[in-house]
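Please look at the sequence and the 3D structure below. Some questions and answers about salt bridges and helix packing follow.

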Amino acid sequence: CAQFFIELVDQWPQLECGVQSVTEFLQYFFVSFVPGMMGCMLKESFDDQDAMQHRNVREMGVIFSLIKQKCSPNEFEQKVVRDIILGYNCPANIISGFLQASNSDQMESCLKALLHALKHT
């Protein structure tokens with residue numbers, strides 16, 4: 001599922017939120033897909049050490065990185081950080097990490113830190 005979104009997001013040269021098809025995709029992405037994936041990863045049964053489940057974390061890192069590249073910085077901060085990440089009440093250093101991350105590996109590290117912080121508190 002995540003691979004599909006990677007391919008889809010990567011095909012757009014720039015996400016312009018005024019375009020209706022892109023706006024509808026982004027609404028689904030930010031309102032349903034990302035919160036759904038985050039909810040799955042935050043379940044007690046989700047083990048990011050498992051190869052298949054670790055792949056989900058890695059792929060979400062790629063997706064977040066692509067979205068950050070394709071959207072304006074303000075839009076990424078609003079749609080991902082404020083509307084999604086802040087809702088989990090994670091530590092400020094993790095929020096800062098998402099804002100400063102410049103590639104998929106850094107996004108993956110932020111996701112792992114977020115999962116660890118929320119599952120071990």
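Q: Which residue forms a salt bridge with Lys-112?
A: This is a predicted model, in which local features need pLDDT of at least 70 and side-chain atom pairs count only at pLDDT 80 or more, while totals for chains, interfaces and linings use all residues. Residues are numbered from 1 along each chain as its sequence is written, and side-chain values use heavy atoms, with hydrogens and water left out. A salt bridge is a side-chain nitrogen of Lys or Arg within 4 Å of a carboxyl oxygen of Asp or Glu. The closest N and O atoms are 3.1 Å apart, and the partner of Lys-112 is Glu-108.

Q: Is Glu-108 buried or exposed?
A: Buried means under 20% relative accessible area, exposed means over 50%, and partly exposed lies in between (1.4 Å probe, protein chains only). Lys-112 has 32% relative accessibility, so Lys-112 counts as partly exposed. Glu-108 has 9%, so Glu-108 counts as buried.

Q: How many residues apart are Lys-112 and Glu-108 in helix H6?
A: Helices are DSSP runs of H or I with at least four residues, numbered from the N terminus. Lys-112 and Glu-108 are separated by about one helical turn, because their spacing in helix H6 is four residues.

Q: Which residue meets Glu-59 in a salt bridge?
A: Glu-59 is buried, at 6% relative accessibility. The N to O distance is 2.8 Å, and the partner is Arg-55.

Q: How many salt bridges does the structure hold?
A: One of them joins Arg-82 and Glu-77, with the closest N and O atoms 3.3 Å apart. Arg-82 is partly exposed at 44% relative accessibility, and Glu-77 is partly exposed at 26%. The number of salt bridges in the structure is three.

Q: Are H5 and H6 roughly parallel or roughly antiparallel?
A: Axes are lines fitted to C-alpha atoms, for helices over the stretch in contact, and angles run from 0 to 180 degrees between N-to-C directions. The axes of H5 (residues 92–100) and H6 (residues 104–119) come within 9 Å and cross at roughly 160°. Angles under 35 degrees count as roughly parallel, over 145 as roughly antiparallel, 65 to 115 as roughly perpendicular and the rest as oblique. The two helices, H5 and H6, are therefore roughly antiparallel.

Q: How many charged residues are in the contact of H5 with H6?
A: Contact means heavy atoms within 4.5 Å. Residues of H5 including Ile-94 and Phe-98 meet residues of H6 including Met-107 and Leu-111. The contact has eight nonpolar residues, three polar and, as for charged ones (Asp, Glu, Lys and Arg), none.
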